[in-house]
Amino acid sequence: MGSPQGGVISPLLANLVLSGLEQHIKSQFKKTYKTPSGKRAECKINVVRYADDFIVTCANKEAAFKVIRLVEDFLAIRGLKLNLNKTKITKVKDGFDFLGFKYKLYDKGLLVTPSPNSVKRMRKRIKEAFRINLNNPMGKTIMDVNSILRG
């Protein structure tokens, strides 16, 4: 609370608050679990976090719902709430967006591409740069567009 969104202090605060999230989640799962067919399988829980954005990969839907409860408990202790509008349970084969990229698992492997929303925003920014530089020298336009493309 009180930190401007997008401010330089926000990622630091997010990292401080979310420190220990991965260990908290993994500590609540056994190393193996029994599949519906009765076989033993390795419980694969992975957490990928970048400041306040994170994804958790799980082996099954039940584990995913358990992870949501664990994250809600972890955040509640710190006076925060999980944004359920941004929370989604999906299969990697169906794909998901994370940090401006779309991740989707195919038979031959994982395909990572810019997300459609990121592409749309980039195209809009480049179009605006051309509109603004309509009467400027081409060198200025190229510098501005290159700046956008480099990020």
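I looked up D144 and found it partly exposed, with a relative accessible area of 25%; the term covers values between buried (under 20% relative accessible area) and exposed (over 50%), with a 1.4 Å probe and protein chains only. I noted that the model is predicted, that local features need pLDDT of at least 70 and side-chain atom pairs pLDDT 80 or more, while totals for chains, interfaces and linings use all residues. I also noted that residues are numbered from 1 along each chain as its sequence is written, and that side-chain values use heavy atoms, leaving out hydrogens and water.

I then followed the side chain of D144 to K140, with which it forms a salt bridge at 2.9 Å, N to O. I took a salt bridge to be a side-chain nitrogen of Lys or Arg within 4 Å of a carboxyl oxygen of Asp or Glu. K140 is partly exposed, at 38% relative accessibility. Both residues lie in helix α5 (residues 138–150), four residues apart, about one turn of the helix. Helices here are DSSP runs (H or I, at least four residues), numbered from the N terminus.

How many salt bridges does the rule give? I recorded three.

In helix α4 (residues 116–132), E128 and R131 are three residues apart, about one helical turn. Their side chains meet in a salt bridge at 2.6 Å, N to O. I found E128 partly exposed at 33% relative accessibility, and R131 exposed at 53%.

My last entry concerns helix α2 (residues 21–27), where E22 and K26 lie four residues apart. Their salt bridge spans 3.4 Å, N to O. E22 is partly exposed at 32%, and K26 is partly exposed at 35%.

Notes. Helices (H or I, at least four residues) and strands (E, at least two) are DSSP runs, numbered from the N terminus.
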